[in-house]
Amino acid sequence: MIEASLMQPLKEDRFRFACNKSLPCFTKCCAKLNLVLTPYDIIRLKNRLNCPSGYFLENHTTSFVDEAYGVPIVHLKMNDDETRRCPFVSPDGCTVYDDRPGACRIYPLARAASKVYESHRTGEYYFMVRESHCLGFCENREWTIHEWVNDQGFDKYNAMNDYFLDITAGRTAKSINTLTEQHLKMYYMACYSLDEFRRFIFESTFLKRFEIEQDVIRGIEADDVELMKFASRWLTFSLFGEKTITARNP
Ligand code: SF4
Ligand code: SF4
């Protein structure tokens with residue numbers, strides 16, 4: 001998460017920025033971060049590292065229930081030494097560049113999104129993150145927000161992350177505060193620990209208890225992104241009682 005004092009509203013759609021290896025600040029931004037990972041970030045990183053989601057979560061993340069959102073949030077663990085550098089940074093830059101988290105892609109912007117519950121319309125707002133060590137603002141390359149989002153491949157991340165807005169967006173603090181310890185464990189598993197969630201679906205009585213479309217079953221068996229989308233449906237049903245899934249008659 002970014003300190004609020006560093007976030008500046010964008011006065012206009014255009015901004016100047018460029019990042020490259022020749023800058024003296026190169027990779028300085030990849031340390032001492034409270035870097036929140038979304039479910040889609042975790043899919044990209046664990047596949048990049050070719051490891052199961054449980055291994056990735058145990059070795060590379062910490063988690064806690066965020067007071068503002070009332071649900072578990074996952075952070076990338078920085079190296080446990082005085083540098084507190086990101087485990088994926090090298091002198092040549094990011095070693096997971098093509099699969100770097102959304103927050104790294106969109107920097108020096110940050111996105112806040114909200115969903116209007118009744119219409120399911122997403123509203124989004126971009127802020128500029130001004131950190132004193134970052135010299136990218138002194139460069140002359142000019143961007144619009146749209147150009148930057150596309151150039152950094154952030155549009156796909158937006159679409160994926162918005163599945164998770166569906167779960168809690170527009171709900172009152174009161175409804176989220178009624179979530180039990182068991183609900184929060186389910187939220188964590190379905191959002192982040194996808195291999196475990198897949199086992200929960202296929203190795204329990206789940207498919208006997210709920211009517212799930214055959215094409216969805218095939219999708220979630222083979223594809224992490226399809227499983228992630230289904231997790232959003234499942235949590236909306238199991239945590240908030242919406243009719244996104246049908247229970248079979250006992
Ligand atoms: S210009 Fe900014 S984003 Fe690029 S390496 Fe320097 S500090 Fe990091
Ligand atoms: S994931 Fe890559 S871009 Fe993001 S902080 Fe780590 S090294 Fe830097």
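Start with the open sheet of three strands, ordered β3-β5-β4 with antiparallel pairing. Its edge strands are β3 (36–37) and β4, each pairing on one side only. Strands here are DSSP runs of E, at least two residues, numbered from the N terminus; two of them pair if DSSP finds at least two bridges between them.

This is a predicted model, in which local features need pLDDT of at least 70, side-chain atom pairs count only at pLDDT 80 or more, and totals for chains, interfaces and linings use all residues. Residues are numbered from 1 along each chain as its sequence is written, and chains are lettered from A and ligands numbered from 1 in the order in which they are written.

Select residues 61–65 and 72–76. These are β4 and β5, antiparallel over five bridges. Val65 stands opposite Pro72 in β5. Six residues lie between the strands of this hairpin, and Gly70 takes a positive phi near 75°.

β3 and β5 pair in the antiparallel sense over two bridges. Look for Val36, opposite His75 in β5.

Now go to ligand 1. Select its surroundings, meaning residues whose C-beta atom, placed from the backbone, lies within 6 Å. Among them are Cys19, Cys25, Cys29, Tyr107, His133 and Cys134. The shell divides into eight nonpolar, three polar and one charged. Ala, Val, Leu, Ile, Met, Phe, Trp, Tyr, Cys and Pro count as nonpolar, Asp, Glu, Lys and Arg as charged, and the others, Gly among them, as polar.

Finish at ligand 2. Its surroundings include Cys30, Cys86, Cys94, Arg100 and Cys104. This shell holds nine nonpolar residues, no polar and one charged.

Definitions and conventions: Helices (H or I, at least four residues) and strands (E, at least two) are DSSP runs, numbered from the N terminus.
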